[in-house]
Amino acid sequence: EMMAQAIAAHAGLNGRREQREPRAGMLLGTRRYETTAAWFREGMDLEIVAEREFGDNGGLAACNCSVSCGGETLAKATIIIIEIDDELKAQQEQLR
């Protein structure tokens, strides 16, 4: 969830820079989730990193993500997302 939120925050900032409204997005899946921690202790100062592996703005993309604390990687995964542009959103609404 934290990894997906980092991706969404980045997409929102990019949209603001481009002076456009935020797009709707969906998490499609997670690949290769690995963790060295059974849980994250309350109050931990976590660093979340998300880097786009492939894809473009406004479509299907994969992001390599990690959760770290004090320089130690606690979890990592590849998150698959899709941003829905206005045209696709209008088509979906017509189908309802």
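Residues are numbered from 1 along each chain as its sequence is written, and side-chain values use heavy atoms, with hydrogens and water left out. Because the model is predicted, local features need pLDDT of at least 70 and side-chain atom pairs count only at pLDDT 80 or more, whereas totals for chains, interfaces and linings use all residues.

Four strands form an open sheet in the order E1-E4-E3-E2 with antiparallel pairing, where strands are DSSP runs (E, at least two residues) and helices likewise (H or I, at least four), numbered from the N terminus, and where two strands pair if DSSP finds at least two bridges between them. E1 and strand E2 (47–55) stand at the edges with a single partner strand each, so one side of each is left without a neighbour in the sheet. Neighbouring strands of this sheet are turned against each other by 25° on average, direction ignored; the axes are lines fitted to C-alpha atoms, and angles run from 0 to 180 degrees between N-to-C directions. The antiparallel pairing of E2 with strand E3 (residues 60–69) extends over eight bridges, and Val49 stands opposite Ser66 in E3.

The largest pocket holds about 250 Å³ of space. A pocket is here an open set of points on a 1 Å grid over the protein atoms alone, where a 1.4 Å probe fits, with protein on both sides within 12 Å along at least five of seven lines, and lining residues have an atom within 4 Å of a point; the volume is the space filled by probe spheres set on the points, which are joined across faces, edges and corners. The lining comprises 15 residues, of which Ile7, Ala8, Ala11, Gly25 and Met26 lie nearest the centre of the pocket. Two or more lining residues come from each of helix H1 (2–17), strand E1 (24–35) and strand E4 (72–84), and H1 gives the most, with five.

Two salt bridges are counted, each defined by a side-chain nitrogen of Lys or Arg within 4 Å of a carboxyl oxygen of Asp or Glu. In one of them, Arg20 pairs with Glu18, the closest N and O atoms being 2.9 Å apart. The side chains of Glu34 and Lys76 also meet in a salt bridge, at 4.0 Å from N to O. Glu34 lies in strand E1 and Lys76 in strand E4, so this pair ties together parts that are 42 residues apart in sequence. Glu34 is partly exposed at 44% relative accessibility, as is Lys76 at 41%, the term lying between buried (under 20% relative accessible area) and exposed (over 50%), with a 1.4 Å probe and protein chains only.
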